[in-house]
Amino acid sequence: MSLTLQLKVNGKSVSAEVSPDTLLSTFLREHLRLTGTHIGCDTASCGACTVHVGGRAVKSCNVLAAQVQGLEITTIEGITPADGSLHPMQAAFKSCHGLQCGFCTPGMVMSAIDLVTHQPHATEDEIRAGLEGNFCRCTGYQNIVKAVAQGAKAMGR
Amino acid sequence: MNASRAAFIGRPVERKEDYRFLTGAGQYTDDISLPQQSYGYFLRSPHAHARIRAIDTAAARGAPGVLGVYTGKDVGGVGGLPCGWLIKSLDGSPMKEPKHPIIADDKVCHVGDQVALIVAGTLAEAKAAAALIDVDYEVLPAVIDTATAAKHKTAVHSIAPDNVCYTWGIGDKAATDAAMGKAAHVTRLSLVNNRLIPNAMEPRASNAQYSRADDSYTLYVTSQNPHVERLLMTAFVLGLPEHKVRVIAPDVGGGFGSKIYLYAEETALVWASKRVGRPIKWTAERSESFLTDAHGRDHVTTVELGLDKDGKFLALRVHTTANMGAYLSTFASCIPTILYATLLAGQYATPSIYCEVQAVFTNTAPVDAYRGAGRPEATYLLERIVELAARELKIDPAELRRRNFIRKFPYATPVGLTYDTGDYEATLKRALEIADVGGFAARKAASAKKGLLRGIGYSCYIEACGIAPSNIAGALGARAGLYEAAEVRVHPTGKVTVFTGSHSHGQGHETSFSQVVADRLGIPIEDVDIQHGDTGKVLFGMGTYGSRSLAVGGTAIVKALDKVVAKGKKIAAHLLEASDTDIEFSDGEFRVVGTDRKKAFAEIALTAYVPHNYPLDKLEPGLNENAFYDPVNFTFPAGSYVCEVEVDPATGAVRVDRFAASDDFGNVVNPMIVEGQVHGGLAQGIGQALLEGCVYNEDGQLVTGSFTDYAMPRADDLPHFQVETVKGTACTHNPLGVKGCGEAGAIGSPPAVINAIVDALAPLGVRDISMPATPYHVWQAIQAAKR
């Protein structure tokens with residue numbers, strides 16, 4: 001048994017036959033080969049798989065592809081400008097050294113963009129609280145927090 | 001240095017690798033799918049200790065999509081996973097080395113031990129088939145507790161009936177006992193270094209492919225050291241020709257030690273890939289990472305520090321029981337010995353030290369190096385006992401440390417190391433300034449007004465990095481050399497590709513190493529590319545661990561660069577019609593000394609590859625040099641950390657309010673990267689102190705088997721760190737003067753945090769807090785002190 005999925009991913013219409021138990025993360029990674037969305041756990045704890053569904057950050061490993069039927073999905077690939085430049089939040093992570101191994105980074109950037117979109121003037125404590133759903137094992141978060149504040153400023157310009 | 005203008009070294013150059021990571025273009029092992037890809041799934045033991053009476057795989061073999069089902073019987077002819085370090089007991093007998101099969105044969109020894117490999121066209125099919133396998137287990141009693149394993153009636157392995165792997169010692173026992181007997185004061189402490197689960201954010205993964213066309217294998221794997229992986233797998237386990245196996249560790253999402261080792265899964269995949277005839281991919285689910293990644297720490301220790309009436313340390317005596325887990329992982333045996341007890345002098349001139357270590361087997365996951373690897377355990381006990389002694393003797397803890405600092409270098413410790421250089425007074429002084437220790441009393445009073453107890457704690461750590469001089473390591477039981485290799489390939493246009501045997505899994509080698517190369521050759525940093533992690537490209541390598549990449553791997557690159565420059569001088573001398581010895585090289589130009597006659601680096605490169613006007617009778621064309629570098633000593637990064645906490649006595653909740661770190665890493669190539677490494681280490685160290693603790697129940701079930709049970713530090717668990725790298729003492733024996741910075745934070749921070757909590761609770765009569773200092777532990781300690 002399969003279902004026909006129709007949705008928009010990174011601005012492009014996508015139609016695919018998938019089995020009903022396909023997770024959104026699996027659909028993105030295996031069917032569309034958008035491997036920037038990473039899988040770090042199986043308990044919706046780590047946030048490496050965070051994408052935007054209808055503009056809000058969602059952990060794609062705990063959503064069935066069927067649940068996002070007809071919706072708009074944006075992944076890390078989708079926020080990256082085609083001209084080789086970076087989204088202001090990506091640029092902030094780079095200049096603040098907000099990443100090391102890079103594995104949590106796409107999910108962290110997607111969460112950060114959602115966070116500052118809704119809280120453009122978030123304080124350090126609010127940023128720390130807002131990133132609670134994303135693990136990073138490398139950076140100790142300090143430079144991520146700095147990057148999110150800097151990215152928020154740049155996005156507001 | 002050849003280049004007079006150091007354009008890049010010492011600057012916070014933004015990282016070259018970041019664009020691909022930030023845009024989702026990184027290529028991690030699970031991102032790689034090969035034509036005809038199939039998937040592996042491991043059926044794992046639900047029991048900590050059981051005999052396998054029978055396995056019925058018939059139904060699984062016939063299940064849809066299944067390409068192969070393999071059990072211990074099928075891989076019976078294959079060797080066990082080797083341990084790379086032979087430790088001998090005090091009686092001279094070698095450590096006990098039970099076979100570590102790639103798939104369990106007649107018994108399972110920990111929950112998660114692999115019982116069968118199922119390969120199918122899809123992962124779902126492999127999992128469905130695994131559910132059809134019937135294993136008949138005879139459950140045996142499980143040995144779990146580190147402290148009592150040696151007294152347990154059950155043996156994890158028959159070759160170690162008392163569960164003891166080895167009983168090892170270092171130092172002069174008689175002298176230590178005598179000095180302890182003469183001490184005016186002896187401080188005693190029993191402590192546990194809590195077991196940790198590394199949890200790199202990228203789970204372990206592998207993808208193994210066999211090619212019938214040339215009878216070769218390619219393995220993509222999450223490894224910190226692909227050449228070592230290949231050597232161990234081919235020569236010691238599978239008996240395959242080394243040159244027919246290519247191991248690629250592409251982008252790797254964090255390691256922290258857990259990806260150093262040769263694991264059963266990738267070995268079984270390589271073995272099965274020829275039988276299946278299709279590439280097999282396996283990626284650990286997080287629950288598998290918890291169960292099967294090598295864990296860290298897990299020591300039970302008693303320590304005694306003897307002091308004279310002036311607070312001078314006379315003797316240190318330590319007994320540790322260290323948990324090896326169910327099997328010896330690749331470096332397991334050397335962690336609680338060579339990388340632990342040799343660090344027990346710390347920053348202090350203690351004349352007599354003796355340490356005895358009993359390593360035990362238990363029915364738990366194997367234990368091996370985790371960020372710091374032995375050195376955090378040594379630092380923890382030492383900095384706890386020093387601070388406790390200061391409290392007992394009513395001496396300021398910073399002052400007590402100062403009285404005992406080593407001040408003359410080189411300094412030979414009583415436990416086998418020779419520190420080449422250091423300035424412990426400088427890092428302590430700076431840490432106290434950054435921490436604003438002078439303002440502590442006012443902050444304590446302010447906390448008290450809120451009903452909170454404020455405490456301050458210190459830690460002065462040292463670590464041995466730049467692992468390692470091969471001859472010393474060999475004398476201590478290492479079964480391999482520990483040098484590093486590099487190749488500098490100058491292309492005809494003067495662009496440079498460097499191949500390093502180090503591996504970057506977050507450390508930013510592509511940037512730091514490029515800074516070194518660009519400065520040395522006087523060329524733009526964009527003209528340098530760093531390649532690592534592929535046995536098909538890189539000549540050889542020992543990999544990345546023990547904060548060794550820049551000190552050892554970077555030096556190998558410098559040696560290769562020196563050869564490039566030396567050859568370039570000969571070519572330039574020919575073109576400029578001068579003597580070789582009259583050519584100098586700086587700022588990317590070869591010059592005849594004292595003249596304006598010169599040739600740019602790129603011109604020399606082109607000449608080397610288009611040798612029309614070239615001394616072909618004396619010199620080969622081309623500009624490509626290899627070097628191996630074996631260090632003459634370890635490097636000794638050191639520093640001082642100060643932590644301030646607020647404890648709520650009603651709930652036991654601890655908040656780290658301030659954390660100051662002052663480190664001496666010798667010379668620094670990229671201060672931004674170095675600071676980031678310290679941040680990450682601090683997070684893991686504070687995580688160990690406050691949050692993280694691996695718990696098995698008495699049956700050997702992993703209680704902390706998911707992120708909902710094992711408390712990883714989140715952004716809001718950690719303070720804003722005040723980190724400063726002092727203008728340090730340059731390492732005396734490598735040309736870059738660097739020491740290594742990857743583990744310092746994790747080594748130095750746990751005792752600072754616990755000392756601060758004990759300081760906060762001391763007025764209540766609390767003398768000790770066990771890690772992790774969860775609200776429950778702290779509250780219990782407060783209640784116990786009241787009784």
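Which residue ranges does the domain assignment of chain B give to domain 1, domain 2 and domain 3?

## Domains of chain B

In this predicted model, the domain assignment divides chain B into three parts, several segments contributing to each: domain 1 covers 18-25 + 483-629, domain 2 covers 32-140 + 201-254 + 259-292, and domain 3 covers 371-465 + 634-786.

The centres of domain 1 and domain 3 of chain B, taken over C-alpha atoms, are separated by 40 Å. The contact between these domains draws 14 residues from domain 1 of chain B and 16 residues from domain 3 of chain B. On the domain 1 side, helix H13 (509-521) and helix H14 (549-575) of chain B are the elements that give two or more residues. H14(B) supplies the largest share of that side, five residues. By class, the domain 1 side that touches domain 3 of chain B consists of four nonpolar, nine polar and one charged residue.

## Contact between chains A and B

Between the two chains, 42 residues of chain A are in contact with 41 residues of chain B. On the chain A side, the elements that give two or more residues are helices H2 (76-79), H3 (88-95), H4 (105-118), H5 (124-130) and H6 (142-156) of chain A. The side of chain A that touches chain B is made up of 19 nonpolar, 17 polar and six charged residues.

## The largest nonpolar core

In soluble globular proteins, nonpolar side chains tend to be buried together. The largest nonpolar core here has 307 residues, and the members that touch the most other members are Ile118(B), Leu344(B), Ile557(B), Val753(B) and Ile757(B). H14(B) gives the most to this core, with twelve residues; H14(B) is also the helix with the largest share of the domain 1 side facing domain 3 of chain B.

Leu344(B) illustrates the packing. Leaving aside residues up to four places away in sequence, Leu344(B) touches Leu316(B), Val318(B), Ile353(B), Cys355(B), Ala378(B), Leu382(B) and Val415(B).

## The surroundings of Ala104(B)

Ala104(B) lies in the loop between strand E3 (66-71) and strand E4 (107-108) of chain B. Is Ala104(B) buried or exposed? Ala104(B) counts as buried because 24 C-beta neighbours lie inside 10 Å, where the cut-off for a buried residue is 20 or more.

When residues up to four places away in sequence are not counted, Ala104(B) touches Ser45(B), Ile52(B), Gly72(B), Asp113(B), Gln114(B) and Val115(B). Ala104(B) and Thr321(B), in turn, are 217 residues apart in sequence, and their C-alpha atoms are 27 Å apart in space.

Key. Residues numbered from 1 in each chain as written. Chains lettered and ligands numbered in written order. Predicted model: local features only at pLDDT ≥ 70, side-chain atom pairs only at ≥ 80, totals over all residues. Domains from an automatic or database assignment. Contact = placed C-beta atoms within 7 Å. Helix = DSSP H or I, 4+ residues; strand = E, 2+ residues; numbered from the N terminus. Nonpolar A, V, L, I, M, F, W, Y, C, P; charged D, E, K, R; others polar. Core = buried A, V, L, I, M, F, W, Y, C linked by C-beta atoms within 7 Å. Buried ≥ 20, exposed ≤ 12 C-beta atoms within 10 Å, placed from the backbone.
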